[in-house]
Amino acid sequence: MTKQGTPKIELIGVKKSFGNNHVLNGVDLVVPEGKSMVIIGGSGTGKSVTLKCILGLLSPDEGSIKIDGEEVVELSPQGRDDLMRKFGMLFQGGALFDSLKIWENVAFGLIQGRGMDRKEAREIAVKKITAVGLQEAVADLYPAELSGGMQKRVGLARAVAASPEIIFFDEPTTGLDPIMADVINKLIVEQVQELGATGLSITHDMGSVRTIADYVAMIHEGKIVWTGPVEELDSSGNEYVEQFIHGRAEGPITRRVA
Amino acid sequence: MFIGRAIYHSFTAPFFPAQLWRQLVDIGYYSLPVVGMTALFTGMVLALQSYTGFTRFNAEGAIAGVVVLSVTRELAPVLAGLMVAGRVGASIAAEIGTMRVTEQIDALTTLSVNPFKYLIAPRLIAATLTLPILVFIGDIIGVYGGYVVSIYSLGFSPGSYLSQTWDVVETMDVVSGLIKAGVFGFIVAMMGCYHGFNSGRGAQGVGAATTNAVVSSSILILIFNYLLTQVFFS
């Protein structure tokens, strides 16, 4: 539980470069506990790298990342393993384990990460599978036997299976038709609210933003250029946000097409 | 750095026995046919070639000794290592490389499971343990191959062939081959895991990881074979 007023996630001046490619140029971001923050921005602006830095999958070159007020950048491997118990994540491509059945995928963190009995973990997994709108029979199939939308649902079930405090969603609706995208967005809201979790999503999809977000942050060239409540998105007065949400080619965000 | 982490996580809890068992079966049991066939035909051709050469010096009696020493000291461990590098090293690199590009390795981390403990340690332990067993079986099959050719094709007496084999072979000949096999198993698994874990993006990245795993492990096997032979027998 977070101390009163302490943000659940806080990034201060986070920088990350790959050679001469400076992807993050001092990201500052605050995500309050129990709220859903969505980071928007074009491809290659640093959304995924920000997420991976918070998760410890990448180490930032500079800056501070705090979870529940505690610095996590230089965490020991054991400390990182313990911290990961607070997280759930829905990956863009699902990232389901091909060799495992659907229920084993959903229960993976419970069995392998927390040492839960397989029978008990299966019961929880089946509940989560049905909670995301899939039939119980799906539990014994393999990921390759499911459509893209079904795989996203399984990915969501896996992300929430261990009742995490923080859930990340990486492009949750990419590659889905508009109806399935709306179904996934609503499931995300439902599951996050049910757990009372803090959400952090990255997306290009404005439909997702308006359904999922409590707060929105706009990232451009590795910096947060605007942040505020979703209700203020249309009246932000920020030229980057204006251009992005209306999908205009003209504006301060320029794209090199080479 | 990678090797140090891999070894450290192979000896520290938590362990994943189900994963280890799966790898023991995949790497050990399923490699048995290819190692067995290689050893059998190597022993057979060795007897034939030795006979061709040794008859010129009336030294046919040395064939049994040449077969058993060549097989146990060199051919069984090196050829088994190379065959396993092709079969297992490539498969490890392709599997882990695909997991890397499809974010399955990142998913393991977010599910509080250390990829070094879950993916790499079981493969490393299984390959290091099973290759000596495979080579020991290969030794027996290789010697049997030489025996079959010598008895049924070259007209040797079974009793004298076997007694010559026993007279020549010493414990160290077999043990040195088994130690080599353990080292080769470690090399194959380590190269497969390293190249898969650091695989580049897309199909091309996984393809390159697979090729690099096989080529680097094959070359390292040949280099370490020389170094170990010098340590054991010089």
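User: How do helix α3 and helix α6 of chain B pack, at what angle and how far apart are their axes?
Analyst: This is a predicted model. In it, helix α3 (residues 32-54) of chain B packs with helix α6 (residues 115-152) of chain B at an angle of about 35°. Their axes are 7 Å apart.

User: Is the crossing of α3(B) and α6(B) left-handed or right-handed?
Analyst: Right-handed, where α3(B) passes α6(B).

User: Which residues in α3(B) and α6(B) meet?
Analyst: From α3(B), they include B:L32, B:V35, B:G36, B:A39, B:L40 and B:F41. B:G43, B:M44 and B:L48 are also among them. On the α6(B) side, the residues include B:L134, B:I137, B:G138, B:I141 and B:G142. B:Y144, B:V148 and B:S150 in α6(B) are also part of the contact.

User: And by class, what does the contact of α3(B) with α6(B) have?
Analyst: There are 16 nonpolar and eight polar residues. No charged residues take part in that contact.

User: Zooming out. How many helices and strands does chain B have?
Analyst: Nine helices and zero strands. From the N terminus on, the elements run α-α-α-α-α-α-α-α-α.

User: What box do the C-alpha atoms of chain B fill?
Analyst: Roughly 70 × 35 × 30 Å, taken along the principal axes.

User: How many of the residues in chain B are buried, as a percentage?
Analyst: Buried residues make up 50% of the 234 in chain B. As for contacts in chain B with a separation of 6 or more, 87% are between residues 24 or more positions apart.

User: Now chain A. How many helices and strands are there?
Analyst: Chain A has eight helices and ten strands. Its radius of gyration is 18 Å, close to the 18 Å that the globule rule gives for 258 residues, so chain A is as compact as a globular protein of that length.

User: What does the C-alpha trace of chain A span?
Analyst: About 55 × 40 × 40 Å along its principal axes. Of the 258 residues of chain A, 43% count as buried.

User: And what about contacts in chain A between residues at least 6 apart in sequence?
Analyst: Of those, 62% join residues at least 24 apart.

How values were computed:
Residues numbered from 1 in each chain as written. Chains lettered and ligands numbered in written order. Predicted model: local features only at pLDDT ≥ 70, side-chain atom pairs only at ≥ 80, totals over all residues. Axes fitted to C-alpha atoms, helices over the stretch in contact; angles between N-to-C directions. Helix = DSSP H or I, 4+ residues; strand = E, 2+ residues; numbered from the N terminus. Left-handed = near helix turned anticlockwise from the far one by under 90°. Contact = placed C-beta atoms within 7 Å. Nonpolar A, V, L, I, M, F, W, Y, C, P; charged D, E, K, R; others polar. Rg over C-alpha atoms; globule rule 2.2 N^0.38 Å. Buried ≥ 20, exposed ≤ 12 C-beta atoms within 10 Å, placed from the backbone.
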